[in-house]
Amino acid sequence: ARTKFPAFAPNGTNLVTWTEVKGEEQLLVHLADASGEPKQLGNTPPGWHYGAVYSPDGKKLAWSDEKYRLYVTDVGSAQTVEVDRGDWEITRFAWSPDSRYLAYDTALPSLFSQVRIWDSTDKSRHEVSDPAYDSTSPAWDPKGKYLYYLSERYINPVLDRFEARFTVSSASTLPCVVALQADGALPFAPRGDTDPVKPDDKKDEDKKDGDKKDDDKSNDKKKEEKVEPIKIDFAGLAGRFVTVPVAPGYYTSLRAIEGKLHWLKLENRGMMPFEPEGEDEAPAGELQTYDLEKEKLSTVTDGVLAYEISGNGKVLVYQNKDGFLRIEAGATAAPKDDEAKEAKIDLSGWTIRINPREEWKQMLHEAWRRQRDFFYDRNLHGLDWKAAEKKYEAYLANVVSRADLTYLLEEMLGNL
């Protein structure tokens with residue numbers, strides 16, 4: 001059976017996966033050391049599901065499906081509630097630090113996306129971004145004062161010289177900051193002559209070593225600090241925002257840690273195939289860090305395919321064509337030379353065992369499921385799709401290579 005989208009619980013002792021049980025995907029909670037049998041959370045109806053995300057307290061899981069629905073499952077009771085449904089798959093969602101709220105973006109009929117917040121206490125939904133702008137990738141301030149998101153706000157028409165029509169520049173994204181409390185002070189506001197002057201960078205650098213020592217000493221205390229409940233004043237929420245003072249770009253994958261933001265800056269390569277001739281690589285971008293206090297943008301490194309930040313906001317792991325590297329979250333530069341070697345995550349000792357025949361059986365079933373779940377005609381052109389799977393499954397005993405399986409798949413799918 002296939003297992004996909006593993007995610008660790010905040011306590012590190014459990015992880016959740018989508019795993020095929022009797023031919024259909026179910027939400028399973030495993031012990032991280034594989035010392036016991038996994039626990040199935042409820043009985044999820046047939047369909048295609050996207051990665052589950054634990055709430056910080058480990059009591060709830062948010063997940064979505066191919067029917068454009070977003071759900072939350074209680075880990076203890078296995079009860080599931082529908083949060084929202086959109087006009088496309090909902091795949092970007094994040095829990096608030098106090099585990100009460102879920103922020104997400106959902107597609108609208110206009111083909112734009114809107115950022116919303118769901119309150120798990122009263123099951124209410126609230127709009128965060130203006131539906132007139134395409135907004136995605138919500139990220140919570142660890143202190144609970146702000147919500148960040150990316151929004152297409154910079155509209156710069158460009159004249160197409162081939163067809164004499166206007167197109168809009170893809171460098172249109174700006175990070176935005178929303179004040180969650182009505183009396184909250186937004187950053188980047190205009191300053192008057194009487195406003196206090198912020199320390200200059202030089203003084204900050206002089207204090208860096210001392211501050212670091214103080215931070216190290218206070219780390220243990222911070223770990224023991226109780227997470228305070230977050231207050232959100234929903235009245236007027238969408239209007240309490242400001243854009244981050246950076247040049248507009250093609251930004252994705254926004255993440256927030258204390259005092260800093262991370263995102264990827266990509267280059268829009270148009271609609272032509274992105275891989276150079278002879279190569280087969282996904283488009284990579286620049287990993288950038290923005291210091292909210294200093295209002296300073298730094299490029300950590302380029303060639304980044306993806307990145308993630310640990311649950312405690314201390315560690316960042318990014319992927320490039322050579323593998324995975326581990327650095328401190330909030331870093332403004334990538335390690336070099338010997339430090340880069342130490343930062344690289346060594347996966348050379350990893351091995352995986354497969355049974356080709358079992359794998360081929362699962363692949364045929366998954367190809368069958370994908371058509372059932374995603375084919376444009378829900379009636380599958382009137383074809384008895386269950387009978388089709390049984391018919392072609394009988395030929396698996398004679399499959400002796402991957403090429404044979406490909407031929408069998410083509411024959412089965414050709415019936416559609």
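Helix axes here are lines fitted to C-alpha atoms over the stretch in contact, with angles running from 0 to 180 degrees between N-to-C directions.

**View 1. Helices α3 and α4 packed side against side.** In this predicted model, α3 covers residues 356-374 and α4 covers residues 385-393. As for handedness, the crossing of the two helices is right-handed.

**View 2. Who touches whom between α3 and α4.** On the α3 side, look for Lys361, Leu364, His365, Trp368, Gln371 and Arg372. Their partners in α4 are Trp385, Lys386, Glu389, Tyr392 and Glu393. Sorted by class, that makes five charged, four nonpolar and two polar residues in the contact.

**View 3. The largest nonpolar core, with 17 residues.** The residues with the most contacts inside this core are Tyr148, Val244, Val246, Leu254, Leu261, Trp263 and Tyr290. Zoom in on Val246: setting aside neighbours within four places in sequence, Val246 is in contact with Leu174, Pro175, Tyr251, Trp263, Tyr290 and Leu297.

**View 4. Another core, of 16 residues, apart from the largest one.** Leu380, Ala388, Val399 and Leu405 are among its members.

**View 5. Zooming back out to the chain, with five helices and 25 strands.** Of its 416 residues, 39% count as buried. Among contacts with a separation of 6 or more, 46% come from residues 24 or more positions apart.

Methods. Residues are numbered from 1 along each chain as its sequence is written. This is a predicted model: local features need pLDDT of at least 70, side-chain atom pairs count only at pLDDT 80 or more; totals for chains, interfaces and linings use all residues. Side-chain values use heavy atoms; hydrogens and water are left out. Helices (H or I, at least four residues) and strands (E, at least two) are DSSP runs, numbered from the N terminus. A crossing is left-handed if the near helix is turned anticlockwise from the far one by less than a right angle, and right-handed if clockwise. Contact means heavy atoms within 4.5 Å. Ala, Val, Leu, Ile, Met, Phe, Trp, Tyr, Cys and Pro count as nonpolar, Asp, Glu, Lys and Arg as charged, and the others, Gly among them, as polar. A nonpolar core is a set of buried Ala, Val, Leu, Ile, Met, Phe, Trp, Tyr and Cys residues joined through side-chain atoms within 4.5 Å. Buried means under 20% relative accessible area, exposed over 50%, partly exposed in between (1.4 Å probe, protein chains only).
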